[in-house]
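Let's walk through this model together with a few questions and answers. Keep the structure open beside you as you read.

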Amino acid sequence: MLIANELSKDFGSIKAIDRLSLKAQAGEVLGVLGPNGAGKTTFSRLIATLLTPTSGTASVDGHDIIKESEIVRQVIGFLPTEPGLYGRFTAVENLQYFGRLHSMDERVLSQRIDQLLKKFDLYEERNRRTAGFSKGMMQKVSLIRAVLHDPKVLLLDEPTAGLDVPAARVVLDMVKEFKAEGKCILFSTHRMVEAEKICDRMVIIAKGHIVAQGTVAELRQQAGQDDLEEIFLRLVGEVS
Amino acid sequence: MNWHHIKTIWFKELLDTFRDKRTLYTMIIAPIIIVPLMMVGGPLLMSSQEKAAEGKPNPIVVIGAENAPTFMKMIEESGSFQLIDSQNPEDDLKEGLITLAVTVPQDFERIIAAEGTPADIMIMFEARQQASTVSLQKFRNILQSYTASEVAERLSRRGMDTALLNPICVSEKNVANEQEMGGMILAAIIPFMLGIWAVSGGMYTAIDTVAGEKERNTMEGLLVCPPSRWSVAIGKFLAVFVIASITVALSLAGIIAAYQLMLPAIVGEEFQFDMSLSLGNGLMLILIAVLMITMISAIEIAISAFGRSFKEAQNYMTILTFAVMLPGMLLVFMPDLRLTGAALLIPVVNLFAATKDILMGQSEILNIVIALGSSLIYAILAIVFSVRVFKSEKVLFRG
């Protein structure tokens, strides 16, 4: 579903992503872990066609991210680190705008918006302008926006950052649900515990490289360590 | 490019702008209230001061009034002056208690009757006070008629006609009709106004919709949607274009309202000018405005994309404002500047000059075609440039 092949991105002399290759299947949650500045966000942005790779290729659902960028943007749902909603628009208006940008049918769109708002317990707030929303509410609207058009691949960049425990729980439950629907999910985070709970496999990135990958059990075996945080620190430390 | 995408982005940006009070202020309140106030305020103030100075008799002091009874009678009959006493005329003048202090020599009547050396009359006035200068003018007029009647008497005593003194009889006629006078006034103001409101009308929307979108972290969410960068840039450009056009239209309506309705009603008929345009000239001016707004809106989108934040974009816009205002000012202060030679190809300046020529009724079709044609190319280049800036990840994701 998602294949990256020797993908690289330079910013001047800095190699933000350096010949990174990975694969993720439908119905799989792939954790992308790494310290701040490891290249997680740059990787998401490359797959989301926001940035153009310096070299290498990647494809989403069989579509090349450079040659078929517009189709790629149709099949992915992207949750940026910051919710990024239009404050002078209500929750519904924000979602309508993005649905229309995905050329969704108006009737389908409004049904889907209602259904998702109810699911996230935001239906009562639907006609309030989002400028007054809490961080958790905004993150929920932002997540609804990412899945509104029923994308095959979800790119979630730190989806629980800044959320309190109940809100983070809602988000994680949703991710599980999306996985059950057969979506391929790239879950980028720097929280090991969260990753262990939700991810089928993980890739650990540091300085633009993959330093380790596999299931949690495989990572434990590779490192000869039980404590995930310890494994993470050791792997990341090796390259820094 | 996809029309559905462009339309979605365009309408969303318009709605977003209309919901923002700050934009509404620059877009509507400023042009339709401030422009007419500026236009009407100056003449209104001037004429009210003039009227005040002209209306009631001005207090003056005449030292040695008893020496010139005939002349004093003329002053009293004019009804323009109120004669008062003053211990210290110079100080009273400075304080505005009197408007003139006139000194008549002791043997005034005798000197006049002698028909030899002229009699000296000294007038003190205060040039900083309008009432004093108005008074001076009126006093001179009375002196003149006194002189004229004295000269006529002297001539008639010698059996001569006063016509002897007037070898030339002058009559003046202004061949510029009311419409042309109106055109001249519009030619001085409209290019400048067009420039200012084309820049400031859409500026806020341009900043908010690009730099503001970056600052609020909404840009990423927008750009991961299917619309191409072309569609995004064009959608935003169209929103800025519409807002700037509304502002320009409102400001022009403000100018016309000020000159056609408010000035004649408040100040007087002398401010009544015919501001009507022929259909062809009207259409030409609309075309000029469209080209100008297109160019400026596209450049504003590009400038805004360079800004990392709202503030930074605002700073860059200041430079654009000056770049457009300076040639506009030039036209106001150099009324004889005509559209010729290299001026035909300078962006913005050529449109200003063309506007002026059309309003003055002095336009030459070839010059106008060159100015409009080159501006059309600049406008297209400006749009292409703004889209290119939008496609640059260095610009869009810097900071």
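Q: What distance separates the centres of domain 1 of chain B and domain 2 of chain B?
A: Keep in mind that this is a predicted model. The domain assignment of chain B gives domain 1 as 3-47 + 178-396, and domain 2 as 56-164. Taken over C-alpha atoms, the centres of these two domains of chain B are separated by 56 Å.

Q: Which helix of chain B gives the most to the side of chain B that touches chain A?
A: The contact takes 22 residues from chain A and 19 residues from chain B. On the side of chain B, the elements giving two or more residues are helix 1 (3-18) and helix 8 (219-223). With five residues, the one that gives the most is helix 1 of chain B.

Q: How do the residues on the side of chain B that touches chain A divide into nonpolar, polar and charged?
A: Chain B brings 19 residues to the contact. They divide into five nonpolar, seven polar and seven charged.

Q: Why is helix 5 of chain A described as largely enclosed by the rest of the structure?
A: The elements covering its buried residues include helix 3 (91-101) and helix 4 (106-119) of chain A, together with helix 8 of chain B. Among the buried residues of helix 5 of chain A are A:Lys140 and A:Arg145. Helix 5 of chain A is largely enclosed because the number of its 13 residues that are buried is ten.

Q: What is the radius of gyration of chain A, with its 240 residues?
A: The C-alpha trace of chain A spans about 50 × 40 × 30 Å along its principal axes. For 240 residues, a compact globule would have a radius of gyration near 18 Å. Chain A agrees with that, at 18 Å.

Definitions and conventions
Residues are numbered from 1 along each chain as its sequence is written. Chains are lettered from A and ligands numbered from 1 in the order in which they are written. This is a predicted model: local features need pLDDT of at least 70, side-chain atom pairs count only at pLDDT 80 or more; totals for chains, interfaces and linings use all residues. Domain bounds come from an automatic or database domain assignment. Two residues are in contact if their C-beta atoms, placed from the backbone, lie within 7 Å. Helices (H or I, at least four residues) and strands (E, at least two) are DSSP runs, numbered from the N terminus. Ala, Val, Leu, Ile, Met, Phe, Trp, Tyr, Cys and Pro count as nonpolar, Asp, Glu, Lys and Arg as charged, and the others, Gly among them, as polar. A residue is buried if 20 or more other C-beta atoms lie within 10 Å of its own, exposed if 12 or fewer, and partly exposed in between; C-beta atoms are placed from the backbone. The radius of gyration is taken over C-alpha atoms; the globule rule is 2.2 Å times the number of residues to the power 0.38.
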